[in-house]
2 protein chains.
Amino acid sequence: MTRVYNFSAGPAVLPEPVLERARDEMLDWNGTGMSVMEMSHRGKAFVSIAERAEQDLRDLMRVPENYRVLFLQGGASAQFAAIPMNLLGERRRADYVNTGAWSKKAIAEARKYAEVNVVASSEADGFTSIPPFETWQRDPQAAYLHYTPNETIGGLEFPWIPDSGDVPLVADMSSTILSRPVDVSRFGLLYAGAQKNIGPAGLTLVIVRDDLVGHATPQVPSVLDYRVQAEAGSMSNTPPTYGWYLAGLVFQWLKAQGGLEAMETLNRRKAQKLYNAIDNSAFYSNPVEPSARSLMNVPFTLADPELDGLFLKEAEQAGLVNLKGHRSVGGMRASLYNAMPEAGVDALVEFMADFEQRKA
Amino acid sequence: MTRVYNFSAGPAVLPEPVLERARDEMLDWNGTGMSVMEMSHRGKAFVSIAERAEQDLRDLMRVPENYRVLFLQGGASAQFAAIPMNLLGERRRADYVNTGAWSKKAIAEARKYAEVNVVASSEADGFTSIPPFETWQRDPQAAYLHYTPNETIGGLEFPWIPDSGDVPLVADMSSTILSRPVDVSRFGLLYAGAQKNIGPAGLTLVIVRDDLVGHATPQVPSVLDYRVQAEAGSMSNTPPTYGWYLAGLVFQWLKAQGGLEAMETLNRRKAQKLYNAIDNSAFYSNPVEPSARSLMNVPFTLADPELDGLFLKEAEQAGLVNLKGHRSVGGMRASLYNAMPEAGVDALVEFMADFEQRKA
């Protein structure tokens, strides 16, 4: 068995020790004589797995007491609908920031339920910068302010948290959660699909402040009603138990790595190595304004797009896979989530230098 | 490692060869150097897994060409909302049959979106029988007729398929799907949470006739819009890839067992052994009308409920676990899904006889 360096944007690489443990426990978890997949979600064994996962996440992110942590299904895309359905309450208006492909999807879905006010957009410059906060045209009556701290496709990341005052701040953290510490108390609601930094696809994390729970429209599907799920400990219906278990293993692994402070140090070093390689070359380039570059998703293009296919083919032969950029951006994209080892980035940088020398 | 006989109602026992293969492929699927969990859902490897799974399911169930198969998230409970949101169209009314706990949940959720007409109910007799078809008060203008072919909690199963004429028939098959052949062409839509006979929790199967796709209310969350998901091959957002893969392994296993005809023969034999043991005893009893007894979920009570705790404790010591009945019914429940080996039923029957002899 040869493992590759997998730069996929998601579903994405998972920590090898997590996969090894999942493998070893596949037919018998902790002497129960069954797989975690086979356990009743209401049984003692699974409840202990679920509770530990939540506690470890709370420890890692220092989630304040007055926030609920929900383990749901449907992906961030389901939350694009659930958020307005749960948070609008009597108001009909919500503020959204548009910094890329995922912002746009969130906006399009919210328009089914709310009058969406786009407070700022960087579409004019191809989503390569973040609109300065002082230019945002905010609505003081908005039910909430939504933004996307990290745009997985454009490779754009907020280095700061917007100050939304009394308006609850809502963030799609799918591709940045757990990559570094974040002050949860600045947010009304955080959410993330699991398939980047948490675990397998099919699990969605929602961290929501107590006072925002309980205002859903009667038409919200029960499984997406934060009050229903919060009161049931995310078990109003059968939760994605195996994903929850794997997320718990990832949380344990993160703690063993030194927590989110240690991950930030590592992630900054990994990203810096790749951006340096790009910036110090006349062959590779990244269009994003340096202060807004993502630590997690690094798109880059080759000076000659005719070489894209060869680059991908040779990279794959070198064990560096899933580097093809999103079709809307072109070129390459290397996603450097927590589970991507620094050695993977080193190997990529080395390959890029070698390729440039031979082909540029 | 000692595997137990796990009679959980769901999440439930999976075929051991499926778990063994998942274990062996955990860090490296088919020489790709990565886990299925780590694969991009749009990559060649996962697409091949997804397509094979769908084809195997179509083969097993003989799904006609004019039906879409969707691999979704949210469980059957999400479908309780998605069905009226997708199928009502211009009509506001839907027919529902009430034969137990899961029927009631489907009805409660549908009432958020539709005028629900309960065409028949067996609540008066404690859900121990199926209301005869000729007594059903159907609405010829209903958008669809919904029923629950197998009630997981009450242990009640329809031995026949209602003839709903021109009104599309919709069935929650969560706990009966794949247990025996079914004529899909009789239905407008079938759906099932995976965690009983398909795979792990977090995957939901929807099989829907083409002409019923495309009529959703504008307020349906996109991830639950059948048209959106059908057009995107169930990938309008990231699907639960690992669950999809495991479902595919289960489908392969079912084919190797001889398909659904073979499963029906085995399942009838397993259930008959347990019902015989109950009926031939003055100590155990099952309240369900014999013609409507479930092949999958067999609730039974002890003549002396004081002995329930001891029964469960001794059963567990004998490697027979998760036999506790649902709190609404009491007593015991043995779920006999496809993956429960006949030897597990034999062991249970033997234990029951021994317990009765010692304690009755």
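In which loop of chain A is N280(A) found? N280(A) sits in the loop between α7 (259-279) and β11 (284-285) of chain A. Helices (H or I, at least four residues) and strands (E, at least two) are DSSP runs, numbered from the N terminus. N280(A) is exposed, at a relative accessible area of 69%. For such values, buried means under 20% relative accessible area, exposed over 50%, and partly exposed in between (1.4 Å probe, protein chains only). N280(A) and L190(A) are 90 residues apart in sequence. In space, C-alpha to C-alpha, N280(A) and L190(A) are 36 Å apart.

The model is predicted: local features need pLDDT of at least 70, side-chain atom pairs count only at pLDDT 80 or more, and totals for chains, interfaces and linings use all residues. Residues are numbered from 1 along each chain as its sequence is written, chains are lettered from A and ligands numbered from 1 in the order in which they are written, and side-chain values use heavy atoms, with hydrogens and water left out.

The interface comes next. Chain A and chain B each bring 58 residues to the contact, where contact means heavy atoms within 4.5 Å. The area buried between chain B and chain A is about 4,400 Å². Carbon and sulfur atoms give 59% of that area. Buried area here is the accessible area (1.4 Å probe) that two parts lose on being put together, summed over both. In chain B, L27(B), M37(B) and E38(B) lose the most area to chain A. Together these residues make up 16% of what the chain B side buries.

Polar pairing also spans the two chains. There are 24 residue pairs in polar contact between chain B and chain A, both residues at pLDDT 80 or more. A polar contact is a pair of N or O atoms within 3.5 Å; within protein, one must be able to donate a hydrogen and the other to accept it, and residues adjacent in sequence count only if both atoms are side-chain atoms. On chain B, α1 (16-24), α3 (75-87) and α6 (241-257) each supply at least two residues of the side that touches chain A. By class, that side has 29 nonpolar, 21 polar and eight charged residues. Ala, Val, Leu, Ile, Met, Phe, Trp, Tyr, Cys and Pro count as nonpolar, Asp, Glu, Lys and Arg as charged, and the others, Gly among them, as polar.

The same surface serves both copies, as 100% of the contact residues of chain B recur in chain A.

R3(A) lies in the segment before β1 (5-6) of chain A. At 19% relative accessibility, R3(A) counts as buried. The side chain of R3(A) makes a polar contact with the side chain of E38(B) (2.7 Å). A polar atom of the R3(A) side chain also lies 3.0 Å from the backbone oxygen of L27(B). Leaving aside neighbours within four places in sequence, the residues in contact with R3(A) include L14(A), E16(A), G33(B) and M34(B). The rule finds two salt bridges across the interface of chain B and chain A. A salt bridge is a side-chain nitrogen of Lys or Arg within 4 Å of a carboxyl oxygen of Asp or Glu.

Over all chains, the count comes to 46 salt bridges. R52(A) pairs with D56(A), the closest N and O atoms being 3.2 Å apart. R52(A) and D56(A) are four residues apart in helix α2 (residues 44-61) of chain A, so about one helical turn separates them. R52(A) is partly exposed at 44% relative accessibility, whereas D56(A) is buried at 5%. A network of salt bridges links R52(A), D56(A), D59(A) and K255(A).

In chain B, R358(B) forms a salt bridge with E314(B), with the closest N and O atoms 2.6 Å apart. R358(B) lies in helix α9 (residues 342-359) and E314(B) in helix α8 (residues 308-317) of chain B, so the pair ties together parts 44 residues apart in sequence.
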